[in-house]
Amino acid sequence: MAKLLGIDVGSTTVKVSVIDEGGKALYSSYERHFSRVKECVLGELEKVRPFSASYKACITGSAGLGLAQRGKIDFVQEVQAAFIAIRKFYPDADVAVELGGEDAKIIFLTGGAEQRMNGSCAGGTGAFIDQMATLLDLSVDEMDELSLQAERVYPIASRCGVFAKSDIQPLLNQGAKKSDVAASIFHAVVDQTVSGLAQGRRIKGKVLFLGGPLYYLKGLRKAFCETLGLDGEHAVFPENGPKFMSLGAAMYAENSKEEPLDDIISRLKNLKDGGEITTGEPLFASQKEYSDFIARHMRSDLSFENIYKYEGDAYLGIDSGSTTTKLLLITPDCKILYSHYQSNNGQPLEIVVGRLREIYSLIGNRINIRGACVTGYGEDMMRAALKIDFGVVETMAHFKAALYFNPDVDFIIDIGGQDIKCFKVKNRAIDSIMLNEACSSGCGSFIQTFAKAMGMEIEPFSRLGLFAKHPVELGSRCTVFMNSSVKQAQKEGASIEDISAGLSSSIVKNAIYKVIRARTPDELGTHIVVQGGTFLNDAVLRSFEKETGREVVRPAIAGLMGAFGAALYARESTTSDVLTSNILTDAELSRFSYSSRSVVCKGCTSHCNVNILTFSDGRKFISGNKCEKGAGIKPSARVPDVYSFKYESLLSLPDGAAEGKRGTVGLPLQLVMYEQLPLWVEFFEQCGFKVVLSEKSSRALYFKGQHTVASDTACYPAKLMHGHIESLLDKGVDFIFYPCESYNFDEHDSANHYNCPVVAYYPELLKANNERLNENNFIMPYLDPNSEKATVHTLTRALSRYKLSSSLIRRAFRAGVARMEEFHKSIVEKGREILAFAEREERQVIILAGRPYHTDPEINHGINKLLSSLGVAVLSEDSIFEQGNEVKVNVLNQWTYHARLYRAAEYATHHKNVNLVQLVSFGCGIDAITTDEVRHILESKGKLYTQIKIDEITGLGVVKIRLRSLLAAIEELARREDHE
Amino acid sequence: MSKKQAETRPVLDFTDDYPVFTRKMRETHTILVPDMLPWHFDLIAYILNLHGYKVEVLKNEGRAVIDEGLKHVHNDACYPALCVIGQFLDALKSGKYDPNKTAVMITQTGGGCRASNYLPLIRKALKAEFPQVPVLSFNVSGLEKGSGFELSLGLVLELSYAVFYGDLIMSLYNQTAPYEKRAGDAARVRQNCLNELKPHFAKGSYRKFSKRVKEIISAFAAVPVTEEKKIKVGIVGEIYVKYSPLANSHLEEFLLGENCEPVVPALMDFLLYCAVNPLNDAKFYGLRSKTTFLFRFVYKWVYGKQKKLNKMLEKSTFEPMHDFERLRSLADKVINQGVKMGEGWLIPAEMAALCETGVCNVICTQPFGCLPNHIAGKGASRAVKALYPNANIVPIDYDPSSTKVNQENRIKLMLATARENMK
């Protein structure tokens, strides 16, 4: 018998194993391929020569398919390969979990074998871990080391890098320990694996952990064991874990044809490129084109002034960004005296203090800092710590800077390492703001991560793309998808040059078509200023110009525009009577120190992670709080909001007075219940039941039900439902009631009155995926609440075991409907009060428009409270829509909740102090339709449109910037109207 | 709630102006139709042309189509919308059609899934570059009234025959092609059958149902085949992705290449599903209208024809297609027939029917983030597996950037299990 050869070609590594006739492993290797798949495989094959001159061979792995097909070598799917190896080496295993570079898999071996792979949303894999390590500015190994010293775990969204980042960044900026964050990242990966793959099956018994990340990362192992509650005996980490698939492939090769190793090698060597990839035009046709391009952009530069010689006033701008800190000192005529750009390393304050000391040492008494201004994520903290004169929201800062370079600017796009910001400018004011979000996340750091994966630095890597002959088309969606596109391109033999150019262009396409959502480049405007560190990359800049067909302005200080804008703001805002800045002096700075500690605020149920900085002079700065309570401000100072009122009113609905002679019914407070709770509470109380509500929503509740989530791309409200059901089951109610409703109440202002499919039929999914639910403890009748007759009939049947008369049911249902109308009236009444309050106090009003279930603080993340802390009165769509006119819209207006959005928007269009912010849950397919329409209604009447996408995130940093920008823009508009 | 209040208020119009397809345009305009079921649509286009329209089914494909779609459709909108819009724009830009003499057509079901909004999405997409191109709605729900395109009862009748013949040809082709002794035989017969059917629509003899069916069956039965046993793989899911080669990366061909027999349920089942939902609404919620009666009549007539067709197949060497009443009763075992948005209860019903007929390997195709599919696809597959322990179901997401490699890898995993089970 011949020796068996297994080759596993993964997204980042090649593994090769040889086993002998008796099934004994003779050789295994593990090598990173840096995308040179073919070369790496060939190199590895040379190494197995000593064992035999001929083999039965088989390939496995996501990147091995093409190789196998074209090289005419047998192929086995990688999960299958793992399955074969597991049965041989660990016949008593119950479950195997395998994490790879971009895949995650679970194999259930006992109790009905099942093999599962992650869907196309690939958060929580090796690529995700790499991305997070980059964010922490650590190598993956360092991150792992640190995680073992963790003392606490923070909740972090793992579905997607963008959401994870918005959780992690505030933690870092608040001074959370990197070790804790590292451990939290691993826990997030575990959560993603459990919710994304287990789908209703529990991971228990003897569990095998396979794949590179689980082999090398001890922190990840620990997180898995902790979450799944496994002890050393039940959690198995095989020595040959990373090479397991190649062993399986070797065993599968038993049925293959034996052939000389040289034949295999020569076939692979002679493989031609597949030619299946699409390619675009080169970025530059000639060296001349390139030098013209460089010369043109050289023109947009600031000039320098010698800091050692200059005497006079200067203005300091600080951009305390989420990942980098930038400082710029300018003369009153905008010459640069000093500039600095540095990665935060999680310690922005220290960096600024250090740089400030340096500046003081350079300027002596010659230069007077007349004014200073700070912008960015760290604005509040910096201002408090260093007594900086002004703070400006970063969008404003960028805008000011762009105006300086082109007074006619009508479009600004800023691509940084981690985010994309775009503004449209009309009449010298910001007209609309677009930020990247999940599914449009490709930014600068993506190129960097890729360069690293290819074993290169970012600069030489992106330069490679400048003269690539056939840049590959990589699509423009999420970075993880791009990873697979790159994988495919590699499979087809694209060169590094072509991939580099393709990456640059995909980032640009992502920005134009997904973030800005321009249909044609013309929509961007004619005077475009580009900025942000990523645009210093000539390949990206060129791609942008090619895609838009415009020559744009890229200032040489593209990476410092925020700081420059802040400095300009300081210059503008410093009045003539102020002779010197209030910023800490050299002497004060030398005495300056601070300490930080983080605590959990117990002020309300949000339990925010609050960070307290104590400065050497005894002042304190508190951050991380969602409301003022945590910051020590009395809640009474708060501006009223409908959301808080509504949530509290809902919770107090079952007053506990009903004794429940017939038993207890559990109502899950989620999705449709946020609308219909009054109806069903009244109904069941009238029928003689005691009503029990599910626990309040929280991350913990979500995790409780996570193992029954069937579709991880469903919206967060839906996924939370699983926890609500678990909590009711734990409370021991007689049954849970949750109706299926294709139709919602008809409010007579739309073509139809559907619920969305998820709201309408979620009980079906719960029933199918939670084994604790059965016909007896889960009652889910199909109702049309508009038809009393049919509903009474259905309910009588659904509750037949309690033998309730249909007349009782009718009476109870009517009372319920009446109670719901009464409840709704109280919301509308509250809305009126708030409008009156806003009128009286001359405050801005924002309609925070979403769905009824966005009332849930775990879903809205306290955005209502944030708004009221900014001094804005908050309404909800259901408190106001009836005062808006009915509208005819371009789309089919056929969902009850969505019709409310349109009318609420219509209301905003004819009220000066009222604006609308739309809350959108990630994964809501219907809002893909409504958002454009709401925008259209608002913008057609000159109103600003703002959309906030929410998921499991807890950090509100980005949201705050967006809302503050909106408020700044509203003020600007109002100011201008007053002038006219 | 505030019904009365609302009635007295004015209705504000936020709609843009769009061109309407007038009766006159029937003569002047070419109507472009997206490619969903190549063989069915070929026949349908032929029939519409007989009725005085100038219809052309689009065949353009490739990255350019998807790129056009990406440019014009919201990131979160579903993949089918993106494909369809991409196909239209790519065609209009190709120079093959005079934009002033071209219209495009799309189906609308008026259901609670966002698919009913493809039409407005297409209008928005066309607005920037082709504002003069009218968009036609193909629907039986009374949407988009006042258009010069009318679905008369007679036309509907003719089209339903076309669907039956299309389904039959698709099914027999899939049952023959994997086993043909001489490569290309099945495809040749498929083309011949279509060519021969067309004159019958011109003459009216398409209504000789048994005769036509018999001809098609015997044409396929004449193809020499092997006795091999192959893995059968069922395809269910979102209606467009399930059938359209553009959207599902030529899934049927891929399966044939993997040495499998694709089993694709009939389009008519979806149409019957659409017809039966209003009847269910009437039963569940007492929602009756003038059209309920009509739906009941149409349903009975079509179902009768389906039974007849299946009887004839049973007598042949071929497997019959699903019986719709059987599908309904299978649905009841898994999910409630009240789940009627998108493809709703039809998806688990088809999964169950496939499992019952020995096709335990099922691919559930869905656009990434498809809402009804959360419930009826991914959500229900566990329930189906509980009923049929052998069921081997894999959900596959389709979207512009999920690569073929990833899709194929997951399908191959399912096939590996299938081969294991076959042993």
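Of the 980 residues of chain A, 61% count as buried; a residue is buried if 20 or more other C-beta atoms, placed from the backbone, lie within 10 Å of its own, exposed if 12 or fewer, and partly exposed in between. This is a predicted model, in which local features need pLDDT of at least 70 and side-chain atom pairs count only at pLDDT 80 or more, while totals for chains, interfaces and linings use all residues. Residues are numbered from 1 along each chain as its sequence is written, and chains are lettered from A and ligands numbered from 1 in the order in which they are written.

Chain A holds 35 helices and 32 strands, taken as DSSP runs numbered from the N terminus (helices H or I, at least four residues; strands E, at least two). Its radius of gyration is 30 Å, close to the 30 Å that the globule rule gives for 980 residues, so chain A is as compact as a globular protein of that length. The radius is taken over C-alpha atoms, and the rule is 2.2 Å times the number of residues to the power 0.38. The C-alpha trace of chain A spans about 90 × 90 × 55 Å along its principal axes.

One open sheet of chain A has 4 strands in the order 25-24-26-27, with parallel pairing; two strands pair if DSSP finds at least two bridges between them. Strand 25 (689-693) and strand 27 (778-779) of chain A are the edges, each pairing on one side only. Within the sheet, strand 24 (residues 663-667) and strand 26 (residues 735-737) of chain A run parallel and are joined by 2 bridges. Gly666(A) has Ile736(A) as its bridge partner in strand 26 of chain A.

Now to the core. The largest nonpolar core has 441 residues, and Ala82(A), Ala567(A), Val104(B) and Ile122(B) have the most contacts inside it. Such a core is a set of buried Ala, Val, Leu, Ile, Met, Phe, Trp, Tyr and Cys residues joined through C-beta atoms within 7 Å. Helix 7 (residues 178-198) of chain A gives the largest share of this core, 11 residues.

Between the chains, 69 residues of chain B are in contact with 76 residues of chain A, contact meaning C-beta atoms, placed from the backbone, within 7 Å. Strand 30 (residues 886-888) of chain A pairs with strand 1 of chain B in the parallel sense, over 3 bridges. There, Lys888(A) stands opposite Asp13(B).

Methods. Contact = placed C-beta atoms within 7 Å.
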